[in-house]
Amino acid sequence: MNRVRTIGLLTSGGDAPGMNAAIRGVVRCAVNNGIKVLGFEKGYNGLLDNEYREMDKRSVSDIVDRGGTILFTARSKEFFDKEGRAKAIEVLKKNSVDALVVLGGDGTFRGAKELYDQCNGEINVIGIPATIDLDIACTEYTIGFDTAINTAMEGVDRIRDTSTSHERCSIVEVMGRNAGYIAAYTGISTGAEDIIIPENNEYGDINKIITRVRIANKKGKKHYIIINAEGIGHSYEMANMIETITGIETRATILGHLQRGGSPTCKDRVYASIMGCKAVEVLIEGKKNRLIVYRNGEFTDVDINVGLAEKKPFPQYFIRTAVELESK
Ligand code: ATP
């Protein structure tokens, strides 16, 4: 087994609260085991531009509570091409990097896998799932999701107060790309009347929603909160339609990027720290081309190819629970 001497570390794709805690975990665990860490900036662009700084234990002091990522993040077009990745491999070799640890979503992992294949495994890669969307099939936890849902929940709680005072219908659009996890958690935790997610088109049928808004209004309900997932979108158009057809004042709010920022929750700090350390342990064990995942209550690792090929059906209990919780 070849001993790992130098790790390259980067954050890529959308930022997620807790990335800093994971960076700290990787750096502290690596340095404590005599491994050098080079932090590349702005995702894969940092590799292409040879833009890095050596990270010692002090370099990650006072970041566990900070949102965003101290390594900055980006999406790199050049890295999609073989020539771009060849440049990255050259930079990694020039800096004697034996293994690259990447934090990001499945796009980031696809990039890491391509790099690993292209250099015939000469440079090892390890992925740590960090995305607020929870849309990575092979893991039940992704860094940033817990903070994002708590932020969205607090936002909706506030909107509910003003919505009730004005006896309005409110549509709140939350993030999640094509996945409805943020919407499902936000909707159930705030007692929303409707939750519209890409995984369940039927429940999100606008005509049925309009009927339910009307019935609720007739029963004297003081507000009507609809959580709409980013993957469905069109919140302003929906609000217009509801107001025009029912005559009930309706407002749309898109929570947007505020869900991505802010100090990470306790869970995100702790889980991200564990995943950061785990990534280094897996490297020391000599495992190659792995993703750090959380499954069945345990932190473990899977082969990147296997992990990327997994499909995760949306848990039906969210939909059943949302329906059961309707006040009818
Ligand atoms: P998020 O879920 O927050 O969007 P992500 O990691 O899925 O994160 P992407 O934009 O899909 O975000 O991917 C990040 C970067 O990874 C891309 O900009 C690109 O540089 C690289 N990448 C993605 N897919 C590939 C691929 N198939 N081949 C090579 N590189 C890729």
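These legends walk through a few views of one predicted protein model.

In this model, residues are numbered from 1 along each chain as its sequence is written, and side-chain values use heavy atoms, with hydrogens and water left out. Local features need pLDDT of at least 70 and side-chain atom pairs pLDDT 80 or more, while totals for chains, interfaces and linings use all residues.

View 1. Helices (H or I, at least four residues) and strands (E, at least two) are DSSP runs, numbered from the N terminus. The C-alpha trace spans about 70 × 35 × 35 Å along its principal axes. Of the 328 residues, 55% count as buried, meaning under 20% relative accessible area with a 1.4 Å probe, protein chains only.

**View 2. The largest nonpolar core, with 63 residues.** Such a core joins buried Ala, Val, Leu, Ile, Met, Phe, Trp, Tyr and Cys residues through side-chain atoms within 4.5 Å. Leu9, Met55, Val101, Ile128 and Ile143 touch the most other members. Helix α1 (residues 19-32) gives the most to this core, namely 8 residues.

**View 3. A close-up of Met55 and its contacts.** Here a contact is a pair of heavy atoms within 4.5 Å. Neighbours within four places in sequence aside, Met55 is in contact with Leu9, Ile23, Val27, Val31, Val37, Gly39, Val60, Ile70 and Leu71.

**View 4. A second, separate core of 28 residues.** Look here for Leu48, Phe109, Tyr116 and Leu291, which are included in this core.

Technical notes:
Buried < 20%, exposed > 50% of the residue type's maximum accessible area, 1.4 Å probe, protein only.
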